Amino acid sequence: MKLRILTKKTLLFSIMIIAIVAGCAFQKPDYLTMISADELNRIMQNESIVLIDVHIPEQQHIKGTNLFIPYNVVEQYQEKLPADKNTALYLYCEGGPMGNAAARSLYELGYRNLYNLEGGAKAWRQAGLAFE
């Protein structure tokens with residue numbers, strides 16, 4: 001009986017360690033800047049930006065969206081992306097994770113000025129901002 005309890009404790013401890021290590025792997029990468037809905041809205045009021053919806057399935061777009069590029073096939077849309085790899089690209093999906101995945105693909109293609117809308121379209125909606 002004591003061996004069984006020890007084994008369960010060891011298993012639980014191992015699972016906790018794996019969860020902690022895995023959680024660290026999902027931290028925001030250095031090449032991506034997270035941006036709030038209010039901050040993105042301010043930038044859009046003052047600058048012309050490249051705003052890309054990467055959510056699948058396609059959703060209602062934030063007003064001012066330039067492109068729809070599914071997060072999982074970014075490479076197939078290279079001809080629609082700016083030739084200048086230093087152009088700021090602002091990404092969003094419904095909640096955030098697909099934007100992170102798209103940013104990774106864009107980084108691998110050489111883009112270095114990447115932003116993701118924190119909380120995605122949900123955060124934009126909660127802030128009462130416009131959709132197309």
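Biologist: What is the order of the five strands in the open sheet, and with which pairing do they run?

Modeller: Two strands pair if DSSP finds at least two bridges between them, and strands themselves (E, at least two residues), like helices (H or I, at least four), are DSSP runs numbered from the N terminus. Here the open sheet of five strands has the order 1-5-4-2-3, with parallel pairing. Its edge strands are strand 1 (32–35) and strand 3 (67–68), each of which pairs on one side only. This is a predicted model, in which local features need pLDDT of at least 70 and side-chain atom pairs count only at pLDDT 80 or more, while totals for chains, interfaces and linings use all residues. Residues are numbered from 1 along each chain as its sequence is written, and side-chain values use heavy atoms, with hydrogens and water left out.

Biologist: Where does D53 stand in relation to strand 4, and how many bridges join strand 2 to strand 4?

Modeller: D53 stands opposite Y92 in strand 4, and four bridges join strand 2 to strand 4, which run parallel. Strand 2 also pairs with strand 3, in the parallel sense, over two bridges, and there D53 stands opposite F68.

Biologist: Which residues touch the most other members of the largest nonpolar core?

Modeller: In soluble globular proteins, nonpolar side chains tend to be buried together. A nonpolar core is a set of buried Ala, Val, Leu, Ile, Met, Phe, Trp, Tyr and Cys residues joined through side-chain atoms within 4.5 Å. The largest one has 18 residues, of which I52 and L106 touch the most other members. Its largest share, four residues, comes from helix 3. A second, separate core of 15 residues includes L40, L51, Y90 and L129.

Biologist: Which side chains meet in a salt bridge?

Modeller: A salt bridge is a side-chain nitrogen of Lys or Arg within 4 Å of a carboxyl oxygen of Asp or Glu. By this rule the count comes to one, in which the side chains of R125 and E94 meet at 3.4 Å, N to O. The pair links distant parts of the chain, 31 residues apart, with R125 in helix 4 (residues 120–126) and E94 in the loop between strand 4 (89–92) and helix 3 (97–108). R125 counts as partly exposed because its relative accessibility is 40%.

Notes
Buried < 20%, exposed > 50% of the residue type's maximum accessible area, 1.4 Å probe, protein only.
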